[in-house]
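Student: I would like to learn how to read side-chain contacts in a model. Please take me through them one kind at a time.

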Amino acid sequence: MNRLLTTRCVLPLTILAVACGNGEQSKSIVITNSLGVERQELVAVPYAAFVDAFGSDSVFKVVDEASGTEIPYQLETKGTSAPQNVLLYVSVPASGDAVLVVEKSAPNPTVSKAYARYVPERYDDFAWENNVVAFRMYGKALEGRPDDAQGIDLWSKRTSDLVVDKWYAHGDYHTDHGEGMDYYSVGMTLGAGDIAPFHDGEVIYSKHYRVHEVLDNGPLRTTFRLDYEPWNVGGKTVSVSKLYTLDAGSQLNRVEVTYAIDGDGTLPVAVGISRRAGEGRLLQEQGSGILGYWEPEQGEYGITGVGVLLDDGQFDHYVDQPTQYLALLTATDGEPITYYNGGAWNKAGKITSSEAWFAYVRGFKERHVAPLNVEIK
């Protein structure tokens with residue numbers, strides 16, 4: 001289901017207008033790509049800098065100067081009452097730049113490419129998606145049921161439409177009706193890249209999330225937080241908060257995890273991927289902080305690739321268990337761990353081999369290390 005949204009926003013009256021002098025029209029946003037590959041992704045312009053350069057008009061359009069193509073944008077609030085960033089969904093050529101100009105006219109409607117919601121009608125699920133992939137986290141009402149599970153579930157899509165509401169409405173999302181399906185099996189594992197404490201050789205799972213908060217909900221980025229109640233890990237009381245961000249076009253979430261840990265304030269934790277019977281392909285690059293898995297083919301369902309990578313640094317080591325692959329690191333009380341997780345389905349037609357999936361994960365890390373440079377000139 002497509003959600004046609006406009007990016008118009010009534011701005012707070014407390015924002016002061018900037019006088020529109022003759023120099024304003026000459027200002028532009030220049031986005032530079034230092035890598036030798038074309039890139040299409042979201043970039044953020046701090047809202048205060050945007051207002052300073054282009055004024056505080058609530059209606060505006062952003063256009064690529066060279067092609068005349070309109071650039072979709074979103075005013076990101078980060079859960080506050082006022083915009084914090086202008087998010088721009090840009091295409092930038094390899095080793096080149098894109099020059100964007102701001103026009104004082106109404107933007108065209110934007111098709112939403114990112115969405116999240118609490119799903120009380122399905123045992124307190126929390127589900128989220130973009131135009132290429134979808135996920136869900138299990139909720140409190142599932143606890144104790146025979147079909148209870150632990151980690152992140154991955155939904156396989158082969159449509160750019162948003163499907164979460166539609167699939168939950170008809171309930172038959174374990175069957176592919178042409179848009180994709182949920183065939184990924186999580187069970188008592190971390191699924192598609194969840195994180196949990198690791199003690200005495202075992203993953204120590206929490207109960208399911210207790211509190212959810214959506215901070216931004218499309219059309220180009222969705223961000224939400226899940227909070228968990230305290231539990232005991234090797235004699236320590238531990239609680240955790242997880243902040244998820246999913247951008248349009250990305251196969252991977254950004255996850256910022258913050259543990260509260262009593263005692264000495266440190267805790268071994270594991271990021272994990274469900275393991276399948278049969279021969280798959282495994283990518284373990286400790287120095288780069290990467291764990292990737294291309295599953296063996298699951299009959300008529302196809303093949304799923306799953307990956308995780310650290311924002312910075314490297315994993316302490318890897319542990320291969322019968323039901324999952326784990327990448328270990330150390331959490332410190334109150335200090336966020338940032339990593340990325342997600343997956344791809346071969347039947348979507350975009351990433352169809354282990355080589356292509358591992359190249360995507362490595363390329364994602366390369367793009368993260370060399371982000372697009374954004375300047376107002």
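**Side-chain contacts**

Tutor: Start with a spacing: W357 and Y360 are 3 residues apart in helix α3 (residues 354-369), so about one helical turn separates them. Helices (H or I, at least four residues) and strands (E, at least two) are DSSP runs, numbered from the N terminus. The model is predicted: local features need pLDDT of at least 70, side-chain atom pairs count only at pLDDT 80 or more, and totals for chains, interfaces and linings use all residues. Residues are numbered from 1 along each chain as its sequence is written, and side-chain values use heavy atoms, with hydrogens and water left out.

Student: How many aromatic pairs does a search of the whole structure find?

Tutor: Rings of Phe, Tyr and Trp (its six-membered ring) pair if their centres lie within 6.5 Å; planes under 30 degrees apart count as stacked, over 60 as edge-to-face and the rest as tilted. The search of the whole structure gives 21 aromatic pairs. For W357 and Y360, the ring centres are 5.6 Å apart and the planes are at 5°, so this pair is stacked. Y168 and Y173 have ring centres 5.6 Å apart and planes at 70°, so they are edge-to-face.

Student: Are Y168 and Y173 buried or exposed?

Tutor: Buried means under 20% relative accessible area, exposed over 50%, and partly exposed in between (1.4 Å probe, protein chains only). Y168 and Y173 are both buried, and W357 and Y360 are both buried as well.

Student: Which charged end sits over the ring of Y360?

Tutor: A charge sits over a ring if NZ of Lys or CZ of Arg is within 6 Å of the ring centre and within 35 degrees of the ring normal. Over Y360 it is the charged end of R367, 5.6 Å from the ring centre. R276 lies over the face of Y184, 4.5 Å from the ring centre.

Student: How many salt bridges are there?

Tutor: A salt bridge is a side-chain nitrogen of Lys or Arg within 4 Å of a carboxyl oxygen of Asp or Glu. The count is 24 salt bridges. One of them joins R136 and D125, with the closest N and O atoms 2.8 Å apart. R136 lies in strand β11 (residues 134-137) and D125 in strand β10 (residues 125-130), so the pair ties together parts that are 11 residues apart in sequence. R136 is buried at 3% relative accessibility, and D125 is buried at 0%.

Student: Which residues are linked with R136 in a network of salt bridges?

Tutor: The network links R122, D125, R136, D153 and D182.
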